[in-house]
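Please open the model in a viewer and keep the sequence panel at hand. The stops below are given in the order in which they may be selected.

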Amino acid sequence: MGAYTLRSLRQQPQRLVASFVSLFLGATMVMAFASMFDTLVGNDGLSSTDTEALVTLGAVVGGWGLIIVVFAVASTLTLSVRQRSREMALLKSVGATPAQVGRMIVGEAAVVAVVAALAAVAPAALVGRLVFDLVRDSGQVSAAVEHRFGAVALAVGFGVTFLGATVAALVTARRTARLRARDALADAELDDGGSRLSRKRTVAAVVFLALGAQTGTLTATLMKDKGSDAMQTGGQASIWAGIGLALLAPALVRGGARLFGGLLERVGGASGYLAAHNLRRRAPQMARAVMPVIVFTAIATGAIVMQAIENQATEAAGLAETASEKTIETLNFVVVGMIAVFAAIMVINTLVTATTGRRRELAQQRLAGATPAGALATVGLESVVVLVVGVAAGSLASLATIVPYSIARTDSPVPDTGLGIWLVVVGTAVALTLGSTLGAARRALRTPAVEAAGATAA
């Protein structure tokens, strides 16, 4: 299977492009912030302020980046393997054992992880320097301190990337490897990923939601009247809650299908009927497009509104921003900037991959009589429901940060700021979702239907 894995990667590298992009971006982000520890080691005579700023950048940002990276890699890798269910079924039908199929999936992920980490070294060094210069130019680190990129960044970057990829691959491979050849073929034809949430996924979602609730409660109670220190717990809440709701995405899509299905059928004609049917029948497949939208909306809205509340509270108190508060503000915008950009790219990455993987389905619709415009309208209507579900769930998750932090800093659960920020985030999510999905669908529809159906089936 090792030889087959390498040959498969050489002949069809495009199958793992989404996973490569996730790993490359993740490795870049993790190595960039891990370089702050190289800077810490490589400069003598650092002040306590310098040390605190570098450790905070490296540990806090890098730690949250790791969580988001592993989540994104697992999502895209699952999507990649799901789109290859037919290939996995054929391998089993010619004698491949479940263990061999599992080793192939893990082996591919490991190879892609190493290549992605190698490709990320130069960009990570550049990003690390840019972040460091931002912190130094704002006076949070002494002007004499020089940025370093070395062994710590490389070790952390390669280790996290390789570990994250292999763990995600192991989780993904378990279900695929357990299916019998006949069941795998049927699963490939249906491509619904299972009709119900697994117990492990449900438990994981509950744990993440509980963490979000806990950190939000701590922010509103124990961290009340402690100033910007409340960000230590407040910022975490929307991240945990966003991941928790993203894990429940299949159930959310089914709920969206029940809520909007009738409306789609009434106003969308044949395209609306197909869109409603796909949303009901393929909720897990559609959920993969919803997940990055939820995470992006939750993190971007929660973190930026939290900082706006803090700035407003400081201004209302007539206080000048201290050096520590300035560090936190810069850190907060760096965190939300890096992770939001990563999440935005993952929205594009996941949606393009998911839509491109539907070439056969779109070709079959056209062979059955649908026009290219009708097929595009079906994808567009599905995308609107995906967008509404993702933005609604992400906005709900962001409240886990916004409401407790507003209570802690203003004594009111409803902040006086944030609507404009939310509208910008939602507008960005709309542009990313519809642009990525419709753009990929248009490219898929350029191929003649007979050719697309035959090539994908083969």
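Begin with Asp225, which is placed in the loop between α8 (199-220) and α9 (231-247). The model is a predicted one. The phi angle of Asp225 is near 65°, a positive value in a residue other than glycine. With a relative accessibility of 62%, Asp225 counts as exposed.

Next, select Asp411, in the loop between α15 and α16 (419-445). Asp411 also has a positive phi, of about 65°, although it is not a glycine. Its relative accessible area is 55%, so Asp411 is classed as exposed, the cut-off being over 50%.

Which atoms are the closest between Asp411 and Lys224? They are the N and O atoms of a salt bridge, 2.2 Å apart. This pair connects distant parts of the chain, since Asp411 belongs to the loop between α15 and α16 and Lys224 to the loop between α8 and α9, 187 residues apart. Lys224 is partly exposed, at a relative accessible area of 28%.

Move to Glu310 and Arg409, whose side chains meet in a salt bridge with an N to O distance of 2.7 Å. Here too the pair links distant parts of the chain: Glu310 is in helix α12 and Arg409 in helix α15, 99 residues apart. Is Glu310 buried or exposed? Glu310 is buried, with a relative accessible area of 4%, whereas Arg409 counts as partly exposed at 21%. Salt bridges with shared partners also join Asp133, Arg136 and Glu146 into one network. Within that group, select Arg136 and Asp133, which form a salt bridge with their closest N and O atoms 3.3 Å apart. Both residues lie in helix α5, three residues apart, or about one turn of the helix. In total, the model has five salt bridges.

Remain on helix α5 and select Ile105. Ile105 is buried, with a relative accessible area of 2%.

Select Val114 and Phe162 together with Leu118 to display a nonpolar patch on the surface, with about 260 Å² of accessible area together.

How many cavities of 30 Å³ or more does the structure hold? There are six. To find the largest cavity, select residues of its lining, including Gln285, Met286, Leu351, Arg358, Glu382 and Thr437. The elements that give two or more residues to this lining are α12 (283-316), α13 (323-356) and α15 (372-410), and α15 gives the most, with four residues. By class, the lining of the largest cavity comprises six nonpolar, four polar and two charged residues.

Finish at the second largest cavity, with a volume of about 100 Å³. Of the 12 residues that line this cavity, Phe71, Ala72, Pro292, Val295 and Met346 lie nearest its centre. Two or more lining residues come from each of α3 (48-82), α12 and α13, with α3 giving the most, five residues. The lining of the second largest cavity has nine nonpolar and three polar residues, and no charged ones.

Note on methods. Residues numbered from 1 in each chain as written. Predicted model: local features only at pLDDT ≥ 70, side-chain atom pairs only at ≥ 80, totals over all residues. Heavy atoms only, no water. Patch = residues over 30% accessible without salt bridge, like charges linked within 9 Å, V, L, I, M, F, W, Y side chains within 5 Å. Areas by Shrake-Rupley, 256 points an atom, 1.4 Å probe, with all protein chains shown as cover. Salt bridge = Lys/Arg side-chain N within 4 Å of Asp/Glu carboxyl O. 1 Å grid on protein atoms, 1.4 Å probe; cavity = no way out; pocket = protein on both sides within 12 Å on 5 of 7 lines; lining within 4 Å. Points joined across faces, edges and corners; volume = space filled by probe spheres on them. Nonpolar A, V, L, I, M, F, W, Y, C, P; charged D, E, K, R; others polar. Buried < 20%, exposed > 50% of the residue type's maximum accessible area, 1.4 Å probe, protein only.
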